[in-house]
Amino acid sequence: MVGLSLGEKHFIKGGIDQNIRSDGRKRDYYRPIFVKTGVIPQANGSARVRMGATEVIASVKAELGKPSALHPDKGKVAIFVDCSAVAEPTFEGRGAEELSAELSVALERCLLGGTSGAGAGIDLTSLIVAEGKICWDLYIDSLVISSDGNLLDALGASIKAALANTAIPKVNISAAASADEQPEVDISDEEFLQFDTSAVPVIITLTQVGRHYIVDATSEEEPHMSSAVSISVNRKGHVCGLTKRGGEGLDPSVVSDMISVAQHLSELLMSRLDSEISAAEAEIGDDEES
């Protein structure tokens with residue numbers, strides 16, 4: 001990102017104070033959102049999402065595996081983020097590795113409920129084929145190809161869209177000779193189960209700049225933040241996860257207010273994503289018929 005002059009910095013902060021941001025938006029407005037699904041044919045599901053000038057791709061690969069001994073009734077999901085050096089000059093070298101790791105952890109907290117799995121937005125029990133023996137492992141790979149702020153929300157949206165596009169092969173299980181033996185499986189080439197994304201949340205990041213907080217911050221606005229709170233909210237308005245960055249602490253009452261704002265904004269973002277995903281999936285159907 002090109003460095004800003006002192007005048008430009010004052011202009012950005014002044015606009016936020018007056019609820020007229022430098023691109024014309026109000027503090028609680030998102031930039032235009034565009035979704036295209038099925039962008040990687042080799043994957044079980046994939047999507048490209050653009051929020052303003054921020055653009056990301058997510059792909060989902062499903063492989064059969066074995067449930068962990070600790071959670072025999074759940075499948076597994078792993079999320080990886082790669083920040084392309086083409087997206088932002090600061091992504092070159094170690095900076096990209098650190099940011100990729102930070103985003104991966106934040107996505108797991110927001111979508112999977114952290115290490116405990118409490119409040120998980122992705123139902124891991126739906127990935128079980130045979131309890132304690134066979135499950136689906138989902139590998140979600142995300143790539144940042146253009147960065148202009150608010151990466152976490154865009155990545156969360158791309159994962160939600162990619163999961164909506166995900167088809168998992170139907171598995172037929174043959175009876176095992178004994179309870180200790182691994183059952184044989186037959187993976188269908190023709191029958192697929194669509195992944196249920198009804199409980200998958202959206203991520204709302206509220207960035208505090210001065211006395212106010214804004215949504216969908218651009219790369220010009222983010223350097224002015226004192227802190228940012230990312231809250232994942234599902235369709236029912238329940239908070240699935242929360243993560244914070246920035247050194248300045250926040251009063252509990254402020255966090256509570258941020259959660260209320262995020263719950264309100266999540267309805268709007270969820271509706272916009274639903275419309276974009278439905279249109280993208282319909283376009284794929286039309287292409288297949290023609």
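A disulfide is a pair of cysteine sulfur atoms within 2.5 Å.

**View 1. Cysteines without a disulfide.** In this predicted model, a search of the whole structure finds zero disulfides. The cysteine sulfur closest to that of C83 belongs to C110 and is 16 Å away, too far for a bond. For C240 the closest cysteine sulfur is also in C110, at 9.2 Å, and this too is too far for a bond. C83 is buried, with a relative accessible area of 4%. C240 is buried as well, at 9%.

**View 2. The largest nonpolar core.** This core has 64 residues, and those touching the most other members are V77, L107, I122, L138, V144, L163 and I204. Helix α3 (residues 151-164) supplies the largest share, 10 residues. In soluble globular proteins, nonpolar side chains tend to be buried together.

**View 3. Contacts of L163.** Leaving aside residues up to four places away in sequence, L163 touches V60, I122, L138, I140, F195, T197 and V200. Another core lies apart from the largest one; it has six residues, including I12, V209, I214 and A217.

**View 4. The largest pocket.** The space in this pocket is about 490 Å³. It is lined by 24 residues, of which L99, E102, L151, E222 and R245 are the closest to its centre. Two or more lining residues come from each of α2 (94-112), α3, β11 (227-233) and β12 (239-245). Helix α2 gives the most, with six residues. Sorted by class, the lining holds 10 nonpolar, eight polar and six charged residues.

Methods:
Residues numbered from 1 in each chain as written. Predicted model: local features only at pLDDT ≥ 70, side-chain atom pairs only at ≥ 80, totals over all residues. Heavy atoms only, no water. Core = buried A, V, L, I, M, F, W, Y, C linked by side-chain atoms within 4.5 Å. Buried < 20%, exposed > 50% of the residue type's maximum accessible area, 1.4 Å probe, protein only. Helix = DSSP H or I, 4+ residues; strand = E, 2+ residues; numbered from the N terminus. Contact = heavy atoms within 4.5 Å. 1 Å grid on protein atoms, 1.4 Å probe; cavity = no way out; pocket = protein on both sides within 12 Å on 5 of 7 lines; lining within 4 Å. Points joined across faces, edges and corners; volume = space filled by probe spheres on them. Nonpolar A, V, L, I, M, F, W, Y, C, P; charged D, E, K, R; others polar.
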